Structure formats: C-alpha cells, structure tokens
Amino acid sequence: MKNKKMVIILAGCLLLAVACAGAAWFLFGESDKEVAAETEPLPPRHKEPFQALWPLTDIQVPLSGRMGDRTLTLGFSFDLNSEGLAEEMTLRKEEIVEALGLALAGRSVEEMERSGSRVRLKYETLRLVNGLLESGRVKGVYITEFFIL
C-alpha cells in the first residue's frame, strides 16, 4: 500500500511539473509569429499623407481700444492636405488676407487679449480659409505671430 501511495504521489508530481512547464512555455515562450515579425520588416500599411505648411505672415489688422487705436500683427502657417492647394493659396493670398482683415476689423484690444481668443482665432481662420478654397482643405492652422502694437 505504501508503494502504491508513493507511485501516485510521484505520478502527481510529474504531471504537475509537465503542466507547469507547458504553462511557462505558453506564457513566456516566443511564438512563430513573434519570431517572424522580428526577422521580417513590416510592409507599409498606407501611403504617407501629403504634409506641407504654407506660411502667411505680416497681416496687419487695426484694433480699437480704450487707449486709442492699435494694430494687431498676425502670422499663420496652414497645414495643407494636397500639393495643388499650395498653388491655389498662393493665387488667393490677397483674398485670404482681405477676408481675415474684414473678419477681425472692429475687434477691440481687450477682446483679442482675453483668454481663449487665440483658440477662437485659429478656428475662425480655419473656417474662413476653407470657405474660400476650391481644390482642397486646410487641415490645421498654427499662429506663428500674434502681437499688438
């Protein structure tokens, strides 16, 4: 009876050791997919998107204020989504500057110095410029200059 108990205990230990080894291999071992992924470079999933920044600087906008009339000087960089759009924006540069001047005319110094005014200015400029364009869309607007003289 003692020998029978000993054989059962040894068989249980052996079975437990095999189960632990299998679990360790499953959890920590490298699969064939991982090995193949490490050795082969991944093919590109998509074509790199077109990315260009188109600058527009030295826009002068008159502002009214308590201390008299002052001038807001602005500069932007526009994030374009196509090559043809840069050409259209160059052709429409004067139209864009005039539209921005009209949209900002009559604003006060206090209004432009308020918290959040630059964020509103970015979204207004994005909406205004995209409304003028025909061959593409501006993805983003970055304010590169903003000072009041």
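Phenylalanine 78 is buried in this predicted model, with a relative accessible area of 0%. Phenylalanine 76 is buried too, and its relative accessible area is also given as 0%. Tryptophan 54 is likewise buried.

These three residues belong together: Trp54, Phe76 and Phe78 form one aromatic cluster. How many aromatic pairs are there? The count comes to two, and here they are:

| Aromatic pair | Distance between ring centres | Angle between planes | Arrangement |
|---|---|---|---|
| tryptophan 54 and phenylalanine 78 | 6.0 Å | 40° | tilted |
| phenylalanine 76 and phenylalanine 78 | 5.8 Å | 35° | tilted |

Let's look at where the pair of tryptophan 54 and phenylalanine 78 sits. Tryptophan 54 lies in strand β1 and phenylalanine 78 in strand β2, so this pair ties together parts that are 24 residues apart in sequence.

The two strands are also joined to each other directly. Strand β1 (residues 52-63) and strand β2 (residues 70-80) run antiparallel, with ten bridges between them. Together β1 and β2 make a hairpin with six residues between them, and glycine 68 in the turn has a positive phi of about 105°.

Now for a helix. Helix α6 (residues 117-132) has 16 residues, so at 1.5 Å a residue it should span 22 Å; its end C-alpha atoms are 22 Å apart, which agrees. Which residues of α6 are buried? They are Ser117, Leu121, Thr125, Leu126, Val129 and Asn130. Strand β2 returns here: what covers these buried residues includes β2, α3 (83-91), α4 (93-104), α5 (109-113) and β3 (138-148).

Key:
Residues numbered from 1 in each chain as written. Predicted model: local features only at pLDDT ≥ 70, side-chain atom pairs only at ≥ 80, totals over all residues. Heavy atoms only, no water. Pairing = 2+ DSSP bridges. Helix = DSSP H or I, 4+ residues; strand = E, 2+ residues; numbered from the N terminus. Expected span 1.5 Å × (residues − 1). Buried < 20%, exposed > 50% of the residue type's maximum accessible area, 1.4 Å probe, protein only. Contact = heavy atoms within 4.5 Å. Phe/Tyr/Trp six-rings, centres within 6.5 Å; stacked < 30°, edge-to-face > 60°.
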